[in-house]
Amino acid sequence: MLNRFRQFWTKVITPIANLLLKLGVSADAVTLVGTIGVCAGALIFFPRGQLWLGVVVITCFVFSDMIDGYMARTSGTSSKWGSFLDSTLDRIGDGAIYGGLVLYYANSQAGDSTLMAAVTLWALVMGAVTSYARAKAESLGLKASGGLAERADRLVFTLILAFFSDVLNLPILLEIVLWAVAVASTITVIQRILGVRKQVLADPANAGLDTPPPAEPDAQS
């Protein structure tokens with residue numbers, strides 16, 4: 001979803017990114033600060049039931065994910081290290097968001113809090129596996145992108161409905177989106193597994209892991 005509005009948001013964050021560059025701030029520093037902000041917003045406010053406040057704090061720092069990319073491209077400092085750092089810290093941020101919601105349900109007095117904590121944990125795990133499946137496939141020269149629920153979609157819907165579930169006092173909204181994310185993420189993992197399997201079956205000659213063949217037995221032995 002965010003990708004569809006990337007051009008619009010790029011115009012919004014451009015002045016901020018340019019100012020940071022003039023001040024000598026690096027893209028890596030923005031990435032790190034953004035992740036710390038997201039984790040703080042999720043792990044401080046969500047477990048205390050202050051969902052709307054946590055979402056506001058997280059949203060302010062989520063845009064660092066776009067700012068650092070723009071800064072790296074503009075300054076010509078895009079690198080494999082920056083890409084690795086960004087992706088790795090994204091996983092930490094995701095874990096904090098859904099982990100904070102797990103703690104929220106664990107501390108909740110609602111009758112189905114244990115069930116929802118489990119559902120949220122499953123959504124977290126499947127989200128992580130979705131990203132891992134893509135990374136592992138690409139390391140093997142295969143593709144495992146796309147699917148029913150990509151990272152941006154999961155985060156946007158979760159944060160929006162978490163905000164309104166708290167503001168409108170309708171906890172069912174958050175429960176619905178977490179069930180949807182858990183199911184959609186599971187389907188996405190299955191889609192990526194099947195997609196990689198299909199690629200391997202379509203090209204059996206390159207299905208090996210490039211390990212050397214076993215040595216031929218010595219005819220004289």
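## Ser131, a buried residue

A residue counts as buried when its relative accessible area is under 20%. Keep that cut-off in mind as you look at this predicted model. Is Ser131 buried or exposed? Its relative accessible area is 18%, so Ser131 is buried.

You can find Ser131 in helix 6, which covers residues 113–139. Which residues does Ser131 touch, once neighbours within four places in sequence are left aside? Ser131 is in contact with Arg91, Arg154 and Arg192.

## Helix 4 and the glycine after it

Now turn to helix 4, made of the twelve residues 64–75. From first C-alpha to last, helix 4 reaches 16 Å, close to the 16 Å expected at 1.5 Å a residue. Its buried residues are Ser64, Met66, Ile67, Asp68, Gly69, Tyr70, Met71 and Ala72.

Just after helix 4 comes Gly76, with a positive phi of about 70 degrees.

## Helices 2 and 5 side by side

Helix 2 (residues 27–45) packs with helix 5 (residues 80–106), and their axes are 8 Å apart. The angle of this packing is about 5 degrees. Angles under 35 degrees count as roughly parallel, so helix 2 is roughly parallel to helix 5.

Which residues make the contact? On the helix 2 side they include Asp28, Leu32, Val38 and Leu43. On the helix 5 side, Trp81, Leu85, Asp86, Ile92 and Gly100 are among them. Sorted by class, the contact of helix 2 with helix 5 has eleven nonpolar, six polar and two charged residues.

Note on methods. Residues numbered from 1 in each chain as written. Predicted model: local features only at pLDDT ≥ 70, side-chain atom pairs only at ≥ 80, totals over all residues. Heavy atoms only, no water. Helix = DSSP H or I, 4+ residues; strand = E, 2+ residues; numbered from the N terminus. Expected span 1.5 Å × (residues − 1). Buried < 20%, exposed > 50% of the residue type's maximum accessible area, 1.4 Å probe, protein only. Contact = heavy atoms within 4.5 Å. Axes fitted to C-alpha atoms, helices over the stretch in contact; angles between N-to-C directions. Parallel < 35°, antiparallel > 145°, perpendicular 65-115°, else oblique. Nonpolar A, V, L, I, M, F, W, Y, C, P; charged D, E, K, R; others polar.
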